[in-house]
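Reader: Hi! Could you walk me through this model?
Author: Happy to, here it is.

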Amino acid sequence: MCRGIPAKNITNPIDVVMAAMEMRNFLKKYEQDKRSGNKSIWDLKIGIHTGPVTASVSGKKKINYDIKGDTVHNASRMEALSEVVQY
């Protein structure tokens with residue numbers, strides 16, 4: 001297992017959805033607190049797909065962590081096709 005990527009278990013899909021909802025709620029609260037009714041400057045689109053990935057780490061000074069695979073491509077496609085959430 002790579003650091004930061006969870007081991008396969010039955011709660012992964014639920015954990016991913018809960019993380020997405022937490023990000024959405026944080027951004028909504030941030031926009032309300034900082035913009036006070038003005039037009040929001042952040043849009044949120046989320047694509048979710050769980051499954052196997054391949055991870056690679058590169059760099060010495062600045063560490064670059066990259067994940068690849070069909071799971072990542074499917075999530076990217078879902079995000080690209082989703083509608084922007086407006087608050």
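Reader: Which residues make the nonpolar surface patch of about 420 Å²?
Author: That patch is made by Val-53, Val-57, Ile-63, Tyr-65 and Ile-67. Patches are built from residues with over 30% relative accessible area and no salt bridge, where nonpolar side chains (Val, Leu, Ile, Met, Phe, Trp, Tyr) are joined within 5 Å and like charges within 9 Å. Areas come from the Shrake-Rupley method with a 1.4 Å probe, and for residues only the protein chains shown count as cover.

Reader: What should I know about the model itself?
Author: This is a predicted model, so local features need pLDDT of at least 70 and side-chain atom pairs count only at pLDDT 80 or more, while totals for chains, interfaces and linings use all residues. Residues are numbered from 1 along each chain as its sequence is written, and side-chain values use heavy atoms, with hydrogens and water left out.

Reader: Back to Ile-63: where is it, and is it buried or exposed?
Author: Ile-63 sits in the loop between E1 and E2. Its relative accessibility is 52%, so Ile-63 counts as exposed. The classes are buried for under 20% relative accessible area, exposed for over 50% and partly exposed in between, with a 1.4 Å probe and protein chains only.

Reader: How do E1 and E2 pair?
Author: Strand E1 (residues 54-58) and strand E2 (residues 64-68) are antiparallel, with five bridges. Strands pair if DSSP finds at least two bridges between them. Thr-54, for one, has Lys-68 in E2 as its bridge partner. The two strands form a hairpin with five residues between them, and Gly-59 in the turn has a positive phi of about 100°.

Reader: Why are Asp-33 and Lys-29 about one helical turn apart?
Author: Because they are four residues apart in helix H1. Asp-33 is partly exposed, at 49% relative accessibility.

Reader: What about aromatic pairs, how many?
Author: One. Phe-26 and Tyr-30 have ring centres 6.2 Å apart and planes at 20°, so the pair is stacked. Rings of Phe, Tyr and Trp (its six-membered ring) pair if their centres lie within 6.5 Å; planes under 30 degrees apart are stacked, over 60 edge-to-face and the rest tilted. Phe-26 is exposed at 58% relative accessibility, whereas Tyr-30 is partly exposed at 30%.

Reader: Last one: what does Thr-71 touch?
Author: Leaving out residues up to four places away in sequence, Thr-71 touches His-49, Thr-50, Gly-51, Pro-52 and Val-53, where a contact means heavy atoms within 4.5 Å. Thr-71 is in helix H2 (residues 70-81) and is buried, with a relative accessible area of 8%.

Conventions: Salt bridge = Lys/Arg side-chain N within 4 Å of Asp/Glu carboxyl O.
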